[in-house]
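Here is a briefing on one protein model, arranged by topic. Please keep the sequence and the structure in view while reading.

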Amino acid sequence: MIEFIRADHIHICVPMERLEEARRFYTSVIGLQQIERPSHLFSSIGYWFNIGNIQLHVGVEPALARSIRHTAFEVADIEAARASLVKNNVEIAEEPVLPGRTRFAFIDPFGNRMELLQLMEK
């Protein structure tokens, strides 16, 4: 059996011609801190960011159709997160209600779906 400790990083992709737009979106709109990426180790380009206690890696590939694949992040204040995204004209996707959580997803400008959730007090 595998004993997991935590998630280390999430990797999403954007079209090559929109990579700089992705860097601006994830730093300026989402508020992530860009960190050093050891680019000399990779054959493709991209950016890395801190997101909570893990990393978000953004790479490049041709645009794909939207899917239900997603990553979910717990946030401290779901309503503040929603307000920030709405203020920045980011597409919001409502999620079915789950007991013990308030949640929604946003679609980044490149078609990646990211779920945000807040655990409810019991």
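**Glu 115 and its surroundings**

Leaving aside neighbours within four places in sequence, Glu 115 is in contact with His 70, Thr 71, Ala 72, Phe 73, Arg 103, Phe 104 and Ala 105. Contact means heavy atoms within 4.5 Å. This is a predicted model: local features need pLDDT of at least 70, side-chain atom pairs count only at pLDDT 80 or more, and totals for chains, interfaces and linings use all residues. Residues are numbered from 1 along each chain as its sequence is written, and side-chain values use heavy atoms, with hydrogens and water left out.

- Glu 115 sits in strand E8, which covers residues 113–119. Helices (H or I, at least four residues) and strands (E, at least two) are DSSP runs, numbered from the N terminus.
- Glu 115 counts as buried because its relative accessibility is 5%. Buried means under 20% relative accessible area, exposed over 50%, and partly exposed in between (1.4 Å probe, protein chains only).
- The side chains of Glu 115 and Arg 103 are joined by a polar contact of 3.0 Å. A polar contact is a pair of N or O atoms within 3.5 Å; within protein, one must be able to donate a hydrogen and the other to accept it, and residues adjacent in sequence count only if both atoms are side-chain atoms.

**The salt-bridge network**

- The whole structure holds 9 salt bridges. A salt bridge is a side-chain nitrogen of Lys or Arg within 4 Å of a carboxyl oxygen of Asp or Glu.
- Which residues are linked in a network of salt bridges? They are Glu 95, Arg 103, Arg 113 and Glu 115.
- Arg 103 forms a salt bridge with Glu 115, with the closest N and O atoms 3.0 Å apart. Arg 103 lies in strand E7 and Glu 115 in strand E8, so this pair ties together parts that are 12 residues apart in sequence.
- Both Arg 103 and Glu 115 are buried.
- Glu 95 and Arg 103 also meet through their side chains in a salt bridge, at 3.9 Å from N to O.
- The side chains of Arg 113 and Glu 95 meet in a salt bridge of 2.4 Å, N to O. Arg 113 belongs to strand E8 and Glu 95 to the loop between E6 and E7, so the pair ties together parts that are 18 residues apart in sequence.
- Arg 113 is buried, with a relative accessible area of 16%. Glu 95 is buried too, at 15%.

**The four-strand sheet**

- E5, E8, E7 and E6 form an open sheet of 4 strands in the order E5-E8-E7-E6, with mixed pairing. Two strands pair if DSSP finds at least two bridges between them.
- The edge strands are E5 (70–74) and E6 (91–94), each pairing on one side only.
- From one strand to the next, the twist averages 30°. Axes are lines fitted to C-alpha atoms, for helices over the stretch in contact, and angles run from 0 to 180 degrees between N-to-C directions.
- E6 and E7 (residues 101–107) run antiparallel and are joined by 4 bridges. Ala 93 stands opposite Ala 105 in E7.

**Helix H2 across the sheet**

- Helix H2 (residues 78–87) lies across E6, E7 and E8, running at about 20° to E7.
- Ile 78, Ala 81 and Leu 85 are buried in H2. Seen down the axis of H2, its buried residues fall within an arc of 60°, so they line one face of the helix. The arc is that of the directions from the helix axis to the C-beta atoms.
- The cover over the buried residues of H2 includes E6, E7 and E8.
- At the start of H2, a side-chain oxygen of Asp 77 comes within 3.2 Å of the backbone nitrogen of Glu 79.
- Just after H2, Asn 89 has a positive phi of about 60°.

**Strand E4 and its partners**

- Why is strand E4 (residues 54–60) largely enclosed by the rest of the structure? Of its 7 residues, 6 are buried, so the strand is largely enclosed.
- E4 pairs with E1 (residues 9–14) in the parallel sense over 6 bridges. Ile 10 stands opposite Leu 56 in E4.
- E4 pairs with E3 (residues 47–51) in the antiparallel sense over 5 bridges. Phe 49 stands opposite Leu 56 in E4.
- E3 and E4 form a hairpin with 2 residues between them. Gly 52, in the turn, has a positive phi of about 65°.
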